[in-house]
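Subject: Structure for you to look at

Dear colleague,

Here is the structure I said I would pass on. My notes on what was found in it follow below.

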Amino acid sequence: MTGLPLVIDGRPVPRSFVVANCSDPAHAYEVHPKGLIGPSAQAWHDLANAWEVGKQDGVDDETLYRRLDAVAQCHGAKPSRNLLHCVLGGRSDGSVLCAAITGALTGIASTLAALGVEQAIVLDNGGSVGWYYCPEAGATPVVVVAGPNHRPTGTAFIEFDLGSFPQPVSHPVLADHL
């Protein structure tokens, strides 16, 4: 599995890292390629082009972040804050945290670190996340939660046998950090 790191050695990654390493600008700014979110479709395209040029030029993360932020400011694009993301994190005791969580990636990273996560990645890098529950072996999986861009066809699955229906838990720190 690969994914954008959100927490490294117990520390949330900075916004500059997130912006410089998200190939789709919608994960860093409230923009959409068809203009459905944010100021315009052109904002998304200009940010995507600036990201591509920066990567081709081999600029460092901080420089690329400043370039993209300048483009976003010209368009009036705000930081992204409402996408549903799928994250996988590990704690020092060996436990694994899997979450479908809405928010800015930097806010999610801070929340995960506050929950004691030492290493975490975002698996989907955007709203295409979907979580399924299979009530019994061989049964058709049922969607529990899915983002607006969820695509059931061509989906990759990670399967966990929990022995019963998963009991969602909302940790009190979530209300303080998102």
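A residue counts as partly exposed when its relative accessible area lies between the cut-offs for buried, under 20%, and exposed, over 50%. By that rule Asp9, at 48% relative accessibility, is partly exposed. Please keep in mind that this is a predicted model.

Asp9 sits in the loop between β1 (4-8) and β2 (11-12). Its phi is positive, about 50°, although Asp9 is not a glycine. For background, most residues other than glycine have a negative phi.

On the overall layout: the chain has five helices and seven strands, in the order β-β-α-α-α-β-β-α-β-β-β-α from the N terminus. Of its 178 residues, 35% count as buried. The accessible surface of the chain is about 10100 Å², and carbon and sulfur atoms account for 54% of that. Taking contacts between residues at least 6 apart in sequence, 59% join residues at least 24 apart.

Helix α4 (residues 105-114) is largely enclosed by the rest of the structure, because seven of its 10 residues are buried. Those buried residues are Leu105, Gly107, Ile108, Ala109, Thr111, Leu112 and Ala113. After α4 comes Gly116, with a positive phi near 85°.

Which residues does Leu112 touch, leaving aside those up to four places away in sequence? They are Leu6, Val7, Val87, Leu97, Val117 and Ala120. Leu112 has 2% relative accessibility and so counts as buried. The C-alpha atom of Leu112 is 8.6 Å from that of Gly10, although 102 residues separate the two along the chain.

Searching the whole structure gave two cavities of 30 Å³ or more.

- The largest cavity has a volume of about 40 Å³. Its lining consists of Val19, Cys22, Ser23, Asp24, Pro25, Ala28, Tyr29, Leu47, Trp51 and Leu68. By class, eight of these are nonpolar, one is polar and one is charged.
- The second largest cavity has a volume of about 30 Å³. It is lined by Arg15, Val18, His27, Ala28, Ser80, Ala104, Leu105 and Thr106. Two or more lining residues come from each of α1 (15-21) and α4. The classes here are four nonpolar, three polar and one charged.

Regards

Terms used: Residues numbered from 1 in each chain as written. Predicted model: local features only at pLDDT ≥ 70, side-chain atom pairs only at ≥ 80, totals over all residues. Heavy atoms only, no water. Helix = DSSP H or I, 4+ residues; strand = E, 2+ residues; numbered from the N terminus. Buried < 20%, exposed > 50% of the residue type's maximum accessible area, 1.4 Å probe, protein only. Contact = heavy atoms within 4.5 Å. Areas by Shrake-Rupley, 256 points an atom, 1.4 Å probe, with all protein chains shown as cover. 1 Å grid on protein atoms, 1.4 Å probe; cavity = no way out; pocket = protein on both sides within 12 Å on 5 of 7 lines; lining within 4 Å. Points joined across faces, edges and corners; volume = space filled by probe spheres on them. Nonpolar A, V, L, I, M, F, W, Y, C, P; charged D, E, K, R; others polar.
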